[in-house]
Amino acid sequence: MRAKITYLVTAAVLVFYFVLVGSRGVLLIESGTLVTVAFGVAVLILPVIGVWFLWKNTQFVRRANALAAELDAEGGLPVDELKRTPSGRIDRASADEVFALRKAETEDAPDDWRTWFRLAVAYHDARDTPRARKAMQRAIALHDGRPAPAA
């Protein structure tokens with residue numbers, strides 16, 4: 001729940017920033033000189049890219065959460081069997097151990113979105129965020145019946 005609130009607050013701040021920057025871009029364009037119009041267009045590009053990125057990120061999170069809910073309903077969510085340090089952080093050796101199991105599971109059933117979802121969780125626990133994201137994107141694509149992105 002805390003992560004959702006943080007995400008929503010961050011998204012709201014970004015949207016406010018995009019509106020603020022966009023309004024400045026419009027003001028520059030309304031000035032009418034060649035230089036200010038050029039700057040205004042350049043300034044408007046930033047919020048457009050930001051909104052697109054925020055939208056794509058939000059869609060990714062929504063789809064991943066939907067897969068988690070479906071897997072939970074099936075009783076297939078990975079059990080947290082990781083050892084932790086006294087501070088509560090995941091022990092790296094423990095994460096690597098679970099990762100090896102999840103990787104083997106995915107190699108045995110490469111077309112099952114559930115194995116890719118669990119592999120994404122294992123990558124995340126091993127602190128490999130880029131690979132976790134790619135594995136989750138593959139799980140989403142397989143679930144939706146689309147061609148899976150290259151690994």
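Helix 2 supplies the largest share of the lining of the largest pocket, eight residues. Helices here are DSSP runs of H or I with at least four residues, numbered from the N terminus. A pocket, on a 1 Å grid over the protein atoms alone, is an open set of points where a 1.4 Å probe fits, with protein on both sides within 12 Å along at least five of seven lines; lining residues have an atom within 4 Å of a point.

This is a predicted model, in which local features need pLDDT of at least 70, side-chain atom pairs count only at pLDDT 80 or more, and totals for chains, interfaces and linings use all residues. Residues are numbered from 1 along each chain as its sequence is written, and side-chain values use heavy atoms, without hydrogens and water.

Back to the largest pocket. Its volume is about 790 Å³, meaning the space filled by probe spheres set on the grid points, which are joined across faces, edges and corners. The lining has 20 residues, and F60, V61, A64, N65 and M136 lie nearest the centre. Two or more of the lining residues come from each of helix 1 (2–31), helix 2 (34–74), helix 4 (113–125) and helix 5 (129–144). By class, twelve are nonpolar, five polar and three charged. Nonpolar covers Ala, Val, Leu, Ile, Met, Phe, Trp, Tyr, Cys and Pro; charged covers Asp, Glu, Lys and Arg; the others, Gly among them, are polar.

Now the second largest pocket, with about 340 Å³ of space. K56, F60, R63, R133 and Q137 are the closest to its centre, out of 13 lining residues. Helix 2 and helix 5 are the elements giving two or more, and helix 2 gives the most, seven. This lining has six nonpolar, three polar and four charged residues.
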